[in-house]
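Dear colleague,

I am passing on a structure that will be new to you, and I would be glad if you could look it over. My notes on what was found in it follow below.

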Amino acid sequence: LTTNENDWVDAIVNIDKWSLTIVSPLLKSPLLSSTADEKFCDYLLEHVNKEVENETQWEGSEEWIRAQFKFYLVSLLCCSLCQGSSSWIDFNFDFVSGLKLTWHYLCWKERGQPGMTEIEPQHPFRGDLSSYDVSRRVAKFIGLSEERTGRIILDASQAVKSVQRA
């Protein structure tokens, strides 16, 4: 398959360049990662990289990664059950909306889910935004590198502080 045949595919994964290109306009919004999702990925990568250095640790091991994804998915599904709640706002709205329309989700929901009410419906990495989180989101939307966006935000932050002091 060549990259010139974009009409036939929804996404192109280039293993040599470690890139993913989402071709389908219908998939671009549902597949955007939220800030909380990016924090989750950073957390995984941080612990996996530590595990490579020290092979005897639980954190970062294959089983640990599975446990993290299981917790993430259970949190996502638990949030999806909350009608009229904004508990799933930290997950991508378009993704959750699309998920709720799938046959698999409807079958899962129909079976009933005992114990799901005991889990707090929130993203595992919900929380306050750091300046790094903001710069990453801004970089994604305006197409600048994270480093350049971080410098712009740092300059703006320093300007605000100097105005507050005056």
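**The hairpin and its surface**

Ile15 lies in the loop between E1 and E2, where helices (H or I, at least four residues) and strands (E, at least two) are DSSP runs numbered from the N terminus. Please keep in mind that this is a predicted model, in which local features need pLDDT of at least 70 and side-chain atom pairs count only at pLDDT 80 or more, while totals for chains, interfaces and linings use all residues. Residues are numbered from 1 along each chain as its sequence is written, and side-chain values use heavy atoms, with hydrogens and water left out.

Ile15 is exposed, with a relative accessible area of 67% (buried means under 20%, exposed over 50%, and partly exposed in between, with a 1.4 Å probe and protein chains only). The strands on either side, E1 (residues 11-14) and E2 (residues 19-22), pair in the antiparallel sense over four bridges, pairing being assigned if DSSP finds at least two bridges between two strands. Val13 has Leu20 in E2 as its bridge partner, and the hairpin leaves four residues between the strands, with Trp18 in the turn showing a positive phi of about 55°.

**The chain as a whole**

The chain has seven helices and two strands, and its elements run β-β-α-α-α-α-α-α-α from the N terminus on. Of its 166 residues, 25% are buried.

Side chains of opposite charge can pair when their charged atoms come close. Counting a salt bridge as a side-chain nitrogen of Lys or Arg within 4 Å of a carboxyl oxygen of Asp or Glu, the total comes to two. In one, Arg66 meets Glu62 at 3.0 Å, N to O, and these residues both lie in helix H3, four residues apart. In the other, Glu63 and Arg66 meet at 2.9 Å, N to O, and here the separation within helix H3 is three residues. Through shared partners, the salt bridges join Glu62, Glu63 and Arg66 into one network.

**A buried asparagine**

Asn92 is found in the loop between helix H3 (62-80) and helix H4 (93-99), and it is buried, with a relative accessible area of 13%. Leaving aside neighbours within four places in sequence, Asn92 is in contact (heavy atoms within 4.5 Å) with Ser29, Pro30, Leu31, Leu32, Ser34 and Asp37. The side chain of Asn92 also reaches the backbone oxygen of Ser29 at 2.8 Å.

With kind regards

Notes: A polar contact is a pair of N or O atoms within 3.5 Å; within protein, one must be able to donate a hydrogen and the other to accept it, and residues adjacent in sequence count only if both atoms are side-chain atoms.
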